[in-house]
Each structure stands twice: as structure tokens, then as C-alpha cells.
Amino acid sequence: MPTMSYLIERRQEEKDRRRAEIIDAAEALYAETGWDGITMDQVARRARLSRALLYVYFKDKGDLHLALVERSLDALRSRFMAAREGHATGLAQVEAIGRAYLAFSVETPHYFDACARYQAHAETAHQAGPAPCNEAACEAAGFGVHEVIVESLNRGVADGTIRANLGDPFVTALALWAFTHGMIQIASSKGPQIVRGGTPVQAFIEHGLDLALRALKP
């Protein structure tokens with residue numbers, strides 16, 4: 001006869017599997033049509049679940065979006081970690097991470113959009129206690145992404161390719177992210193205008209990357 005702990009474990013595995021299937025369904029729709037046009041009914045149909053059961057796992061569309069943001073940030077962290085492999089210096093790693101972010105925005109635009117929406121949304125105050133589960137998971141995932149950049153910045157300071165008076169490496173990582181994120185958005189939304197001004201979009205991006213890297217050098 002199965003033990004109680006075994007039954008509890010199996011129940012949790014089933015819940016985790018179903019939750020992942022819901023996120024898979026939402027991600028597929030996101031990639032196909034964008035986020036604004038998606039309804040919870042569509043997600044339920046794609047996941048082959050009842051609408052009522054969907055709301056057991058996610059209280060609303062915003063809550064489901066946070067789960068997608070967490071997945072996007074986890075994917076971004078993996079890309080950053082893979083990008084810095086094979087680069088001996090901290091500065092070279094930081095450049096590789098920046099280029100990986102550019103590739104992320106092009107190759108998985110729904111992930112980039114999920115992160116952009118999350119970052120543009122004002123954080124909800126939680127005076128009575130900790131942030132809700134999915135929001136806290138996004139915060140933790142975002143911290144993990146920035147930690148990869150921090151590690152490479154610290155390596156660069158140690159090997160001399162990044163200036164020693166850089167300041168707080170975590171704040172620097174945030175600034176680099178903000179700069180690169182904004183550059184990607186401008187290149188995407190204002191690309192034709194940049195071209196009409198006489199500058200190819202890729203040249204604009206390369207110039208931006210060069211500015212950021214020169215600011216780090218000794």
C-alpha cells in the first residue's frame with residue numbers, strides 16, 4: 001500500500017506537470033499571436049483543461065504572465081552562462097553576454113516581450129507580507145540573470161580588463177542591462193527612422209555596444 005508521503009509526492013508531480021502544460025499552452029499562443037490578444041479561455045482550450053481548473057493554478061492572466069516571465073528569465077540566464085563560456089577575460093564575457101541578449105530578443109521575441117512588459121510594469125507594494133509566489137519567483141529569476149553579469153564584471157576587475165574603480169558591480173550590471181534593453185527596443189521600434197537618418201540599424205547597435213564596453217575599460 002502506498003505511503004502517505006508517496007501519495008503526496010505523486011500529487012505534487014501531477015500539479016507541477018499540469019502547471020507546466022498550462023504555461024506551455026500560453027507560451028505557444030504568445031509566440032503565435034502576441035500577448036494582448038490571448039484570453040484565458042484560449043489558454044484553457046490549448047491546454048485541454050476546463051476554464052475553472054485553469055484558475056486553480058493562476059488567478060488571472062497577469063498571474064499567468066508572471067509564470068512566463070520566470071521561464072523567460074531562466075532561459076535568458078542559461079543563454080548568458082553559455083555565451084560567456086570560452087571567453088578568457090571578464091570584458092570578453094560581458095561583450096558575449098550583451099550579444100546573447102541581442103540574439104535572445106531576435107530568436108525568442110515573445111520571451112523578450114514578456115520580460116519587457118514585466119520590467120515596464122510598476123511593482124506592486126506588499127506592505128502586509130512577502131510578494132505573491134509567481135512575482136517572488138520572477139524577482140529571484142531576475143536576480144539570477146544579473147548575478148551572471150556580476151560574476152563576469154568581477155572577473156574582469158580581477159584580470160585587469162575592466163577598471164578597478166567600477167563601483168558596485170550589481171548596480172553596474174543593472175545599468176548595462178538597462179542600456180542594452182533600451183537599445184534593443186529603440187532599434188526595434190525606431191529602426192526605419194534610424195535608417196532614414198543614414199545609419200544602418202546594426203551599425204547603431206554596434207556603436208552602442210562599443211560605448212558600453214569602453215565605459216568599462218581601464
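Buried means under 20% relative accessible area, exposed means over 50%, and partly exposed lies in between (1.4 Å probe, protein chains only). At 33% relative accessibility, Arg-99 therefore counts as partly exposed. That rule returns throughout this report.

**The model and its confidence**

This is a predicted model, in which local features need pLDDT of at least 70 and side-chain atom pairs count only at pLDDT 80 or more, while totals for chains, interfaces and linings use all residues. Residues are numbered from 1 along each chain as its sequence is written, and side-chain values use heavy atoms, with hydrogens and water left out.

pLDDT is the predictor's confidence in each residue, from 0 to 100. The chain has a mean pLDDT of 91. Of its residues, 92% reach 70 or more. Among the elements, helix α5 (residues 90-107) has the highest mean, 97. Helix α1 (residues 4-33) has the lowest, 87.

**The overall build**

The chain has 10 helices and zero strands. Both are DSSP runs numbered from the N terminus: helices are H or I with at least four residues, strands are E with at least two. The C-alpha trace spans about 65 × 45 × 40 Å along its principal axes. Take the contacts between residues at least 6 apart in sequence: 67% of them join residues at least 24 apart.

Of the 218 residues, 39% count as buried. The chain exposes about 12,200 Å². Carbon and sulfur atoms supply 57% of that area. Accessible areas come from the Shrake-Rupley method with a 1.4 Å probe; for residues, only the protein chains shown count as cover.

Now the charges. There are 24 positive and 27 negative side chains. Lys and Arg count as positive, Asp and Glu as negative; His and the chain ends are not counted. Each charge is placed at NZ of Lys, CZ of Arg, CG of Asp or CD of Glu. The centres of the two sets lie 4 Å apart.

**The core**

In soluble globular proteins, nonpolar side chains tend to be buried together. A nonpolar core is a set of buried Ala, Val, Leu, Ile, Met, Phe, Trp, Tyr and Cys residues joined through side-chain atoms within 4.5 Å. The largest one here has 57 residues. Among those with the most contacts inside it are Ile-22, Phe-58, Leu-64 and Leu-216. Helix α4 (residues 61-84) gives the most to this core, with nine residues.

Phe-58 deserves a look. Beyond four places in sequence, its contacts include Ile-22, Met-40, Asp-63, Leu-64 and Asn-134.

**Five residues in turn**

Here are some C-alpha to C-alpha pairs.

| Pair | Apart in sequence | Apart in space |
|---|---|---|
| Asp-63 and Glu-135 | 72 residues | 8.0 Å |
| Tyr-57 and Arg-18 | 39 residues | 8.7 Å |
| Arg-99 and Glu-206 | 107 residues | 9.7 Å |
| Pro-200 and Leu-102 | 98 residues | 16 Å |

Is Asp-63 buried or exposed? Its relative accessibility is 12%, so Asp-63 counts as buried. Asp-63 lies in helix α4. Leaving aside neighbours within four places in sequence, Asp-63 is in contact with Tyr-57, Phe-58 and Asn-134.

Tyr-57 sits in helix α3. Tyr-57 counts as buried because its relative accessibility is 17%. With neighbours within four places set aside, Tyr-57 is in contact with Lys-15, Arg-18, Arg-19, Ile-22 and Asp-63.

Arg-99 belongs to helix α5.

Two loop residues remain. Which loop holds Pro-200? Pro-200 lies between α9 (191-196) and α10 (201-216). Its relative accessible area is 49%, so Pro-200 is partly exposed.

Arg-48 is found in the loop between α2 (40-47) and α3 (51-57). Arg-48 is exposed because its relative accessible area is 78%. Its phi is near 60°, a positive value in a residue other than glycine.

Conventions: Contact = heavy atoms within 4.5 Å.
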